[in-house]
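Please read it with the model open.

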Amino acid sequence: MERWQNRVAVITGASSGIGAACAKLIVAAGIKVVGLARRTERMESLKNSLTTEQQKNFYYRQCDVSQEQQVQEAFEWIEKQLGGTDILVNNAGIIRDGNLVEMPMHDIKDVVNTNFMAPIYCTQSAFKSMQKRSFPGHLIFINSTAGLAGYNPGPDYPSLNVYTPTKFALNAINEICRQELMTLKTKIKTTNISPGWVSTEIVPDETKTELGDVILQADDVANAVMYALSTPPHTQVQEITLRAVGEWY
């Protein structure tokens, strides 16, 4: 992890869950962290939970990553204040209730814009910063086993509607980025991390109760992020799939 010392990691959806867990581990490793989220009060609480030394390396910006202009402004601030983006953790994601065939179109657009378009906005901004400085950075996509081929939780569970297609698409984004970054002769890495059920706010309480201890914790995913970052420059961890022991899908 020495090569990342004092570098800058941008984490979307950093106010809770996996994003907050990633922020804690990354800043503890001596890396500057910029959290992007809508709930600034959550990120202020996160900052206050850090040690005094770590607080000096934790920054946050209010940003709805589904809005292209807000993303551009956030990354411009990072460029001016901190010198650029070296690591990007595309973590922000949402889900809405309902069946794809009948749910309101505004709900579908919210999910698509957050889960699909936001990673593209952020990836383009981060890549621009890395390329300008010829820096071999790292793009990380927090995905889901719901985006793996063959995903089928069965008729007893509610549909994940458009959430599943957006996660399938994130697999393709990761792969096309990997190919393009090679074609452009960069040394930038990409990693796609697909966890199963994780005990975060996005999972309903009744589902958590039903799963019992057959569920991952946010720290499990954050540790996978740290593993990918810890590999030497010539090694790329392309895909990580995480499931709790005993989890079917």
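1. A crossing is left-handed if the near helix is turned anticlockwise from the far one by less than a right angle, and right-handed if clockwise. The crossing of H5 and H6 is right-handed. Helices are DSSP runs of H or I with at least four residues, numbered from the N terminus.

2. This is a predicted model, in which local features need pLDDT of at least 70 and side-chain atom pairs pLDDT 80 or more, while totals for chains, interfaces and linings use all residues. Residues are numbered from 1 along each chain as its sequence is written, and side-chain values use heavy atoms, without hydrogens and water.

3. H5 (residues 105–132) packs against H6 (residues 163–183) at about 15°, with axes 8 Å apart. H5 is therefore roughly parallel to H6 (angles under 35 degrees count as such). Contact means heavy atoms within 4.5 Å; among the residues making it are Phe-116 and Ile-120 of H5 and Leu-170 and Ile-173 of H6. By class, the contact of H5 with H6 has 12 nonpolar residues, three polar and one charged.

4. H4 and H5 pack at about 25°, with axes 9 Å apart, and are therefore roughly parallel to each other. Their crossing is right-handed. The contact includes Phe-75 of H4 and Ser-125 of H5. Its residues divide into five nonpolar, two polar and three charged.

5. Which residues lie nearest the centre of the second largest pocket? They are Gln-72, Phe-75, Glu-76, Ser-125 and Lys-128, from a lining of 13 residues. Helix H4 (68–82) and H5 each give two or more residues to that lining.

Key: Axes fitted to C-alpha atoms, helices over the stretch in contact; angles between N-to-C directions. Parallel < 35°, antiparallel > 145°, perpendicular 65-115°, else oblique. Nonpolar A, V, L, I, M, F, W, Y, C, P; charged D, E, K, R; others polar. 1 Å grid on protein atoms, 1.4 Å probe; cavity = no way out; pocket = protein on both sides within 12 Å on 5 of 7 lines; lining within 4 Å.
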